[in-house]
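These are my notes from going through a model chain by chain. I set down what I looked up, entry by entry.

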Amino acid sequence: MAGRIVKIVLLGLVVAIAVWAAFPLVANEAWIGLALVVVTTAVLLWLYLTPRHIPAKYLAPGTLLLIIFQIFPVIYTASTAFTNYGDGHRGSKDEAVVAIQSASVTQVPGSTQYALSVATTGDPATGPLFFLITDPATKQVSVGDADGLTKLDDATVSSSGKVTAAKGYTVLNAGQASLRSKEITALAVPVDGGAIRSSGLSRAYEGKAGRAYDQTCDCIKDTTTGKTWTADEKAGAFIAADGDRLTQGWKVGVGFSNFTRVITDRSISGPFLATLIWNFAFALGSTGGTFVLGMLVAVSLHSKRVRGRNLYRLILVLPYAMPAFAMLLVWRDMFNTDFGLINNLLGVHVDWLGETTSARIAVLLVQLWLGYPYMFLVTTGALQAIPAELSEASRIDGAGAWQSFRRIVLPLLMVALTPLLISSFAFNFNNFNAIYLTTDGGPFPADNPMNGATDLLITYTYRLAFGGSGAQYGYAAAISIFIFLIVGTVSAIAFRRTRQQEEVYA
Amino acid sequence: MRIRAAGVVAVLTIPLLAAGCGSKDDSATTDSPSAKAATGELVIWADDKRAAALKPFADKFGTENGVTVKIQAISKDQQTTFVTASQQGSGPDVMVGAHDWIGNLVQNGAIDPVQLSTEQKSGIAENALKAVTFNGQTYGVPYATENLALIRNTELAPEAPKTIEDLVSTGTALKKDKKASEILALQVGQNGDAYHLYPLYASAGGYLFGTSANGDYNAKDLGVGNAASVAAFKKIATLGEKGSGALKRSITSDNSIATFTGKKSAFLISGPWAITDVKKAGIKYDITGVPGFAGGKEATPFLGVQTFYVASKGKNKALAQEFVTNYVTTPDLAVALYNAEPRPPALTAAFDQVKGSDPDLAKWQDAGKNAIPLPAIPEMAAIWDPFGKAEAAIIGGADPAKTIEAAGKTISGSIK
């Protein structure tokens, strides 16, 4: 019975979430999304209300989460890689046209700035809107809407020039007007040479759009010079005959060009191999170093003869308990040539982060300090799971301490820890913070500011995609797919080998 | 069977109840504005410090106009957060930020121009207004300016140096007498700092972008990597680690101010943000313009202008325009923001109001009188990183010509 109640509540929640998600989808007219929600909910309900399909009942929640948190981001990244999405190409073409037109509205030179009141003839919330404007020189009040401007005599004007009351009109206060913001911004009262538009809620100016979109030629025309910029659907921008392009572009599909750029760009392919080798060295060094140190500490503290083991363990875990983010910055400052703790303590003058070898040693040392407590923790756990009888038995058989560790303990440890080492490797392979916050990829060779000695692929490509002319998400996505392929291949090979190893020891 | 039917009924009713509650809420916020009259909402984004300073004024604006004003502090990556949120339709109505964002914000259609009256324009410092003008349009209302200057410990160095050579000789003498350990605190770091180096670079004859006839920056005329920049960096190299040692990579953004406040150096090149720390350390100081090379050009710092922007995709643009053009242009707000962080107000009226109580202001303004607005064109993004790295390499002793030419190639490659 309790199970049934839980089931009802959970399914109720599922439906509630679906209904909650449906409202914004309907509001944004995202029908595909809505269909997905409906189908998913229906499938879930059907699955859990029928007595059949028992295995599917267990698999469904995990599969759903996998799709949402793993597969969807991967598909999204992959689809972004085929577009020019980035700064200057974020929105749709319509948005670009709106941005170009509204950015081109300038005040007509020498025109008057009017005091403005927003009024309506009907209900303040829904009635048609009018601009009541006062000429500051003549105090003449006029009323305007989309049809044009007419003079209005029966109006009360405050000292600031704003109309406070007018016969036949209800003047909106700021609160009421602010609720109709969109209509007010959109309202332009046509007059000779331009249109009167609002500048906020209390001033109006005579403005003229310098550029207008022309549907017939799919181009932007400059209203004074007549210059045209034609839409280029391949580049996602309006481009003039002389090559001049308007900065406000839109997102378009660009096919494989981001991928071919990664492969053909000399600034990537040139230093790629060296970076890749160092990237492997860094990931292996970080993982291996922390594992060896962590394991040694764990093994020595595993011995029952050590007194105060728990205190030691507590202290050793401290680096793990501190936020890595802050620690990385602290370490960076400790490596400072003139003011850093390390040089001052040792009485040396090493340009730690300024030379290739020392900078690489420095980042590995930082990684070692940050990472060994984790390895210490997991090794301690794994050691405690190995029955002491095994070691005792080997000792009775005449094995020395080293032999028993090498032949009995280590193999059993590796079975438990290899998957962790592989995931640690994959994490360190893309350990962006470790580099970005300490050396930022440096030191850089004098003739190449794009690729530094400690750059990992991820920091290097981050600089390529975001360091130049703003953010280029499409390009960044293409690069990250390449990195994904590299890490995926390495991990797949490593896991396959682990399985063989497990079979040997099992 | 009966139980299952009951279960189905329950399953169906729970979401209906939930949906019922949900839709009630929805209708209150969207469907009937008259039901909750006069509660138009204005959302303002600013960094932590300014958000706190803005709060009382936002509340005042809210009560005066019968609207709700929400201030949200964005601690990090304000520009990117703003652009991304705007695109998704969850951005603010008003954004507060630096003027050199304009180029990028415009190309992403994130901000609208503002139309200021002639009087309002005349109330704003001329160079600040110039800084927020982009493609002939005014893209925001400036409220504070900032520029680099030389901050000097008057106990260690009573005389303001006229040239950078004077500064180096004074600094070297202090170092020899063990009164200081560094000649100058100018942040460089392992990867350089183009903003802080720029006055010296300009004095030595270099430039970043040329200007076209109307005074706008011309992205096609890149000054990094040409002969003038090589000559400039040859001069800068003489101040580097292999030269007099006035510029060092070990002085970073984190320790430059501390080096000065710890009396390790008599000179600091920094901006108004450094003054709070300097005062706290109880150092007697003076502020003068950044000295240039003897016989060189003037050491013009960059002018940065803090600006209020109207978001294009805001939900309440009319109210945002009202706030930015007709409220931010009043001196009270600028004074409050000055009190939150002492940067010279861009509004002349506000500047006059606070300059009596703060003698530093006139000095900052004087040091920045020839400051040139930080280029707001999107292409500027391509400069910072390669230029800074070239700077760091040359200060560390690399060949100036080879290094800066490589940086120029990288920059022109990413501008295209």
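I call a residue buried if 20 or more other C-beta atoms lie within 10 Å of its own, exposed if 12 or fewer, and partly exposed in between, with C-beta atoms placed from the backbone. This is a predicted model, in which local features need pLDDT of at least 70, side-chain atom pairs count only at pLDDT 80 or more, and totals for chains, interfaces and linings use all residues. Residues are numbered from 1 along each chain as its sequence is written, and chains are lettered from A and ligands numbered from 1 in the order in which they are written.

A:K139 counts as exposed because it has 11 C-beta neighbours inside 10 Å. A:K139 is found in the loop between strand 3 (129-134) and strand 4 (141-145) of chain A; helices (H or I, at least four residues) and strands (E, at least two) are DSSP runs, numbered from the N terminus.

Most residues other than glycine have a negative phi, and most peptide bonds are trans. I noted B:N135, not a glycine, with a positive phi of about 50°. B:N135 is in the loop between strand 5 (133-134) and strand 6 (137-138) of chain B, and it counts as partly exposed, with 17 C-beta neighbours inside 10 Å. In chain A I found a cis peptide bond between A:G442 and A:P443, with omega about 0°. A:P443 lies in the loop between helix 15 (432-436) and helix 16 (457-466) of chain A.

Domain bounds come from an automatic or database domain assignment. For chain A the assignment gives domain 1 (1-47), domain 2 (108-209) and domain 3 (265-505). I read 66 Å between the C-alpha centres of domain 2 and domain 3 of chain A. Chain B is divided into domain 1 (41-146 + 304-373) and domain 2 (149-300 + 377-415), and their C-alpha centres lie 28 Å apart. In chain B, 16 residues of domain 1 are in contact with 14 residues of domain 2; contact means that the C-beta atoms of two residues, placed from the backbone, lie within 7 Å. On the side of domain 1 of chain B that touches domain 2 of chain B, helix 15 (360-367) of chain B gives the most, with five residues.

I placed B:L303 in strand 13 of chain B. B:L303 is buried, with 23 other C-beta atoms within 10 Å. B:L303 touches, among others, B:N127, B:A131, B:T145 and B:I372, not counting residues up to four places away in sequence. B:L303 and B:P375 are 72 residues apart in sequence and 9.2 Å apart in space, C-alpha to C-alpha.

Which residues of helix 3 (residues 78-88) of chain B are buried? I found B:F82, B:V83 and B:S86. They cover an arc of only 95° around the axis, which puts them on the same side of helix 3 of chain B; the arc is that of the directions from the helix axis to the C-beta atoms. Just after helix 3 of chain B, B:G89 takes a positive phi of about 80°.

Helix 8 of chain B is mostly covered, with nine of its ten residues buried. These residues pack against helix 7 (164-176), helix 9, strand 11 (267-270), strand 13 and helix 16 of chain B. B:G205 follows helix 8 of chain B, and its phi is positive, near 105°.

I found that the axes of helix 16 (residues 381-395) and helix 17 (residues 400-415) of chain B come within 9 Å and cross at roughly 170°. That makes helix 16 of chain B roughly antiparallel to helix 17 of chain B. Axes are lines fitted to C-alpha atoms, for helices over the stretch in contact, and angles run from 0 to 180 degrees between N-to-C directions; angles under 35 degrees count as roughly parallel, over 145 as roughly antiparallel, 65 to 115 as roughly perpendicular and the rest as oblique.

The contact takes 67 residues from chain B and 66 residues from chain A. Helix 1 of chain B gives the most to the side of chain B that touches chain A, with nine residues.
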